[in-house]
Amino acid sequence: MKQFDKIAEFGKKLMSLDAMESVIELVAEEAKELVDAKRCSIFIVDKEENILWTKLSDGIGRIVIGTDSGIVGDTYKTREPQLVNSPYEDKRFLPGIDKKSGFKTKNMITVPIFNSKQEVMGVIQLLNKNRFDFDEKDLELLTFFANYVSGALELALLKEK
Amino acid sequence: MESKRYTKLAEFAKELLSHHSIEKGLPLISEYLKEVIGADRCSIFIVDNVKNELWTTHADGVERIIVPRDKGIVGHTLDVKKPVIVNDAYSDEHFLQEIDKKTGYKTKNIVAVPIFDSHRNIIGVLELLNKEGGFDNEDVKFMIFFAHYVSGFLELITTLGEK
């Protein structure tokens, strides 16, 4: 029940936000806390431009990638979460972003965010779990979480149009 | 987007999330949907995969009514995994006339929309009955959005609530 209360409280806070940016920020903060990760980026799909963009990727500023690049791009393409505990050994990993930001990615987990039409509208990416590696439990929790926040995100996106 | 259907959502969601039981949540969801679409009745059917059945409640949200999952418009919605609009109930092959006979209620038109969980499995169906002039595509569009919007709450409450 404690976890229920926490998620419900977060949900209420989330629903009271209007602007896309504040929604993304709150979602990222909560996601980090949920799985005890150092960084979180929320990528939003732009289908016309074939890109995934982040408004705020903490510490790094705006990131734009092609929908076919990196582990985030693969999450979009396969519609499946990705758990990568040795990114530098993963062919899909984009080390260029680490180079630019000076942040060293140790491990990563990504989950797709589906809209009501069951299309992937975004990807939640978490980096560097503070202790241990990301595991199946984190994946399960984030899968639930992505769906939980997707309504608010979709609404905020609709309002922006 | 200027539609009231969407602008009142945030208030509704906050109210919904302050309830910790499915018995209190379901009537809230029904009321909201019925009102913004302008339908006469709303039922929410929840899938019970253990017992392999569907259940819904009376307007009070408490007493459960069991429904077969392979029959009627709701069963058909589970089959096709897509929204179903029936604007002339009595000429539809899937419609179960027995229920009207039992309740004395006359169903004219129906719309049913599946609710998916985070694994994209169907966990329930939203059903509306009897809108003056029938249901249109805008209604269905909103219901698809709304089913998705409340799915997080329903999943939360069925996995973590009630314990």
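How many bridges join strand 1 of chain B to strand 6 of chain B? Seven, and the two strands run antiparallel. Strand 1 covers residues 39-48, and strand 6 covers residues 122-131. Keep in mind that this is a predicted model.

## The sheet of chain B

Those strands belong to an open sheet of six strands in chain B. The order is 3-2-1-6-5-4, with antiparallel pairing. Strands of a sheet pair through backbone hydrogen bonds, either parallel or antiparallel. Strand 3 (64-67) and strand 4 (84-86) of chain B are the edge strands. Each of them pairs on one side only. From one strand to the next, the twist averages 25 degrees.

Arg41(B) has Leu129(B), in strand 6 of chain B, as its bridge partner.

Helix 3 of chain B, residues 22-37, lies across strand 1, strand 2 (53-57) and strand 6 of chain B. Its direction is at about 140 degrees to strand 1 of chain B.

## The sheet of chain A

Now turn to chain A. Six strands form an open sheet here, in the order 3-2-1-6-5-4. The pairing is antiparallel. Strand 3 (63-66) and strand 4 (82-84) of chain A stand at the edges. Each has a single partner strand, so one side of each is left without a neighbour in the sheet. Neighbouring strands of this sheet are turned by 20 degrees against each other on average, direction ignored.

Strand 6 of chain A has two partners to look at. Strand 1 (residues 37-46) pairs with strand 6 (residues 120-129) of chain A over seven bridges, in the antiparallel sense. Strand 5 of chain A also pairs with strand 6 of chain A over seven bridges, again antiparallel. Some residue pairs along strand 6 of chain A are listed here.

|---|---|
| Phe114(A) | Val120(A) |

How much of strand 6 of chain A is buried? Nine of its ten residues are, so strand 6 of chain A is largely enclosed by the rest of the structure.

Helix 3 of chain A (residues 70-78) lies across strand 1, strand 2 (51-54), strand 3, strand 4, strand 5 (108-114) and strand 6 of chain A. Helix 3 runs at about 35 degrees to strand 5 of chain A. Helix 5 of chain A (residues 136-160) packs on the sheet as well, touching strand 4, strand 5 and strand 6 of chain A. The direction of helix 5 makes about 40 degrees with that of strand 5 of chain A.

## Residues with positive phi

Phi is a backbone angle worth checking in the loops. Phe132(A) has a phi near 60 degrees, a positive value in a residue other than glycine. Phe132(A) sits in the loop between strand 6 and helix 5 of chain A. Is Phe132(A) buried or exposed? Phe132(A) is exposed, because 10 other C-beta atoms lie within 10 Å, and the cut-off for exposed is 12 or fewer.

Asn52(B) is a case in the other chain. Its phi is near 55 degrees, a positive value in a residue other than glycine. Asn52(B) is found in the loop between strand 1 and strand 2 of chain B. With 10 C-beta neighbours inside 10 Å, Asn52(B) counts as exposed.

Gln118(A) takes a positive phi near 65 degrees. Gln118(A) is in the hairpin of strand 5 and strand 6 of chain A, which has five residues between the strands.

Helix 6 of chain B deserves a close look. At 1.5 Å a residue, its 23 residues should span 33 Å. The end C-alpha atoms are 33 Å apart, which agrees. Helix 6 of chain B also has a kink of about 35 degrees, centred on Ser151(B). Of its 23 residues, 17 are buried, so helix 6 of chain B is largely enclosed by the rest of the structure.

Where do the chains meet? In total, 25 residues of chain B are in contact with 24 residues of chain A. On the chain B side, helix 2 (9-17) and helix 6 (137-159) are the elements that give two or more residues. Helix 6 of chain B gives the largest share, nine residues. By class, this side of chain B has twelve nonpolar, eight polar and five charged residues.

Terms used
Residues are numbered from 1 along each chain as its sequence is written. Chains are lettered from A and ligands numbered from 1 in the order in which they are written. This is a predicted model: local features need pLDDT of at least 70, side-chain atom pairs count only at pLDDT 80 or more; totals for chains, interfaces and linings use all residues. Two residues are in contact if their C-beta atoms, placed from the backbone, lie within 7 Å. Helices (H or I, at least four residues) and strands (E, at least two) are DSSP runs, numbered from the N terminus. Ala, Val, Leu, Ile, Met, Phe, Trp, Tyr, Cys and Pro count as nonpolar, Asp, Glu, Lys and Arg as charged, and the others, Gly among them, as polar. Two strands pair if DSSP finds at least two bridges between them. Axes are lines fitted to C-alpha atoms, for helices over the stretch in contact, and angles run from 0 to 180 degrees between N-to-C directions. The expected span of a helix is 1.5 Å times one less than its number of residues. The bend at a residue is the angle between axes fitted to the seven residues ending there and the seven starting there. A residue is buried if 20 or more other C-beta atoms lie within 10 Å of its own, exposed if 12 or fewer, and partly exposed in between; C-beta atoms are placed from the backbone.
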